[in-house]
Amino acid sequence: MHVEKLAIPDVKLISTDRFVDNRGFFSEIFSQRDFESAGISFKPLQENYSFSSSISTIRGLHWQSPPYAQSKLVNVLQGRIFDVAVDLRLNSPWFGQHITAELSANHSQRLFIPSGFAHGFCSLDKDTAVLYSVDSFYAKECEAGIKWNDPDLDINWPITEKEAVISDKDNELPKLSDCKLSFVYNEQEK
């Protein structure tokens, strides 16, 4: 397993070997032992599957607040996505900043996003399937989100607002400046 720190170092791009032969390939998606060896504390409790039939489908930007905050391991099973994580941790040197990564079923890469981040993605292919593992159970009372195209975030999405296929619920999310946040950055925990 290879771990690449991104511009916000707590978000990591995880690469694993892919063993290819005439039948296809094999790749290990998650190993608790490898994550622990890399210093990543992550114990998945739930897996979520998302399927987007259209190109330009936007999902997010979502998170769960404490006590059900979730870290995520995002894996594309089919198609490609433009993946986004926004730092929501008060006092973080990267507060309000984001990272992006293109993830594809053609590569053995995953994005690890710790709790304290909003997460969302845009499908870049038709029939895109995403599996993401989380380390806390879903809790409706703790779900929250921010508008995907909040101008204060300055995310350079690969689509226009007119092209976006988005749910009514996600389209009505507030801007980051209108959100009450409960995540706090603690450098000593790193």
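Modeller: Happy to! Please keep in mind that this is a predicted model. By class, the lining of the largest cavity is made up of six nonpolar, six polar and one charged residues. The volume of this cavity is about 60 Å³, and 13 residues line it, with Trp63, Gln64, Gln70, Lys72 and Phe117 the closest to its centre. The structure holds one cavity of 30 Å³ or more.

Now to the strands around it. Two of them, β6 (58-64) and β11 (117-123), each supply at least two residues of the lining. The most comes from β6, which gives three residues.

Both strands also belong to an open sheet of five strands, in the order β9-β8-β11-β6-β13, with antiparallel pairing. At the edges lie β9 (98-104) and β13 (143-145), each of which pairs on one side only. On average, neighbouring strands of this sheet are turned by 25 degrees against each other, direction ignored. Towards the β9 end, β8 (residues 80-87) pairs with β9 in the antiparallel sense over seven bridges. Arg80, for instance, has Ser104 in β9 as its bridge partner.

Asp10 sits between β1 (2-5) and β2 (12-15). Asp10 counts as buried because its relative accessible area is 13%, under the 20% cut-off. Its side chain makes a polar contact with the side chain of Arg89, at 2.6 Å.

Definitions and conventions: Residues are numbered from 1 along each chain as its sequence is written. This is a predicted model: local features need pLDDT of at least 70, side-chain atom pairs count only at pLDDT 80 or more; totals for chains, interfaces and linings use all residues. Side-chain values use heavy atoms; hydrogens and water are left out. On a 1 Å grid over the protein atoms alone, a cavity is a set of points where a 1.4 Å probe fits but cannot get out, and a pocket is an open set with protein on both sides within 12 Å along at least five of seven lines; lining residues have an atom within 4 Å of a point. Grid points are joined across faces, edges and corners, and a volume is the space filled by probe spheres set on the points. Helices (H or I, at least four residues) and strands (E, at least two) are DSSP runs, numbered from the N terminus. Ala, Val, Leu, Ile, Met, Phe, Trp, Tyr, Cys and Pro count as nonpolar, Asp, Glu, Lys and Arg as charged, and the others, Gly among them, as polar. Buried means under 20% relative accessible area, exposed over 50%, partly exposed in between (1.4 Å probe, protein chains only). A polar contact is a pair of N or O atoms within 3.5 Å; within protein, one must be able to donate a hydrogen and the other to accept it, and residues adjacent in sequence count only if both atoms are side-chain atoms. Two strands pair if DSSP finds at least two bridges between them. Axes are lines fitted to C-alpha atoms, for helices over the stretch in contact, and angles run from 0 to 180 degrees between N-to-C directions.
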